[in-house]
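Reader: Before I rely on the terms used for this model, I would like to see each one set against its cut-off. Could you take me through them in turn?

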Amino acid sequence: MFIAAAIVSVLLALMLTFSAFGKLTKNPMQVESMTAVNFPVDKMWLLAIAELAGAAGLVVGLFWWPIGVAAAVGVVAYFLGAVVMHLRANDKNIAPAGVLMLAAAAAAVLAPLAA
């Protein structure tokens, strides 16, 4: 079970890191997405910090599972917020956030099972 937890956690951490990099460098696609959901572009760095914290927590969680569960639950909450923001803005492009939310939920379930 540890291998499954490690794969999910590391892949999710990589995706979070990539997303954070896009926010920190103001990638045009990310800026467009933030504008679509009425999120202030000058505050994108806050989302990037949250993503980097989640990524770090997922990796540390491979060695101490309670941190991994806490990080994964935080990432679930983060992407639940993203889905809600998209829906409130009548933006139906919720698949990326939904998939990452499900991956984080899987990481939360797998972490204690891998211990």
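Reader: What makes up the contacts in the chain with a separation of 6 or more?

Author: In this predicted model, residues 24 or more positions apart account for 66% of those contacts, where contact means heavy atoms within 4.5 Å. One of the residues to look at is Val75, which, leaving aside its neighbours within four places in sequence, is in contact with Leu12, Leu16, Gly54 and Ala104.

Reader: How do you know that the span of α1 agrees with its number of residues?

Author: At 1.5 Å a residue, the 23 residues of α1 should span 33 Å, and because the C-alpha atoms at its ends are 32 Å apart, the two values agree. Just after α1, Lys26 takes a positive phi of about 55°.

Reader: Why is Lys23 called buried?

Author: Buried means under 20% relative accessible area, and Lys23 has a relative accessible area of 6%, so Lys23 is buried. This residue is found in helix α1 and, not counting residues up to four places away in sequence, touches Gln30, Met34, Met44, Leu47, Ala48, Glu51 and Tyr78. Other buried residues of α1 include Ala5, Ser9, Leu12 and Leu16, and what covers the buried residues of this helix includes α2 (28–36), α3, α4 and α5. Over the chain, 36% of the 115 residues count as buried.

Reader: What makes a set of residues a nonpolar core, and which have the most contacts inside the largest one?

Author: The residues must be buried, come from a list that includes Ala, Val, Leu and Phe, and be joined through side-chain atoms within 4.5 Å. The largest such core has 17 residues, and those with the most contacts inside it are Leu12, Leu16, Leu58, Ala72, Val75, Phe79 and Ala97. The elements that give two or more residues to this core are α1 (2–24), α3 (44–60), α4 (65–88) and α5 (95–114). In soluble globular proteins, nonpolar side chains tend to be buried together.

How values were computed
Residues are numbered from 1 along each chain as its sequence is written. This is a predicted model: local features need pLDDT of at least 70, side-chain atom pairs count only at pLDDT 80 or more; totals for chains, interfaces and linings use all residues. Side-chain values use heavy atoms; hydrogens and water are left out. Buried means under 20% relative accessible area, exposed over 50%, partly exposed in between (1.4 Å probe, protein chains only). Helices (H or I, at least four residues) and strands (E, at least two) are DSSP runs, numbered from the N terminus. The expected span of a helix is 1.5 Å times one less than its number of residues.
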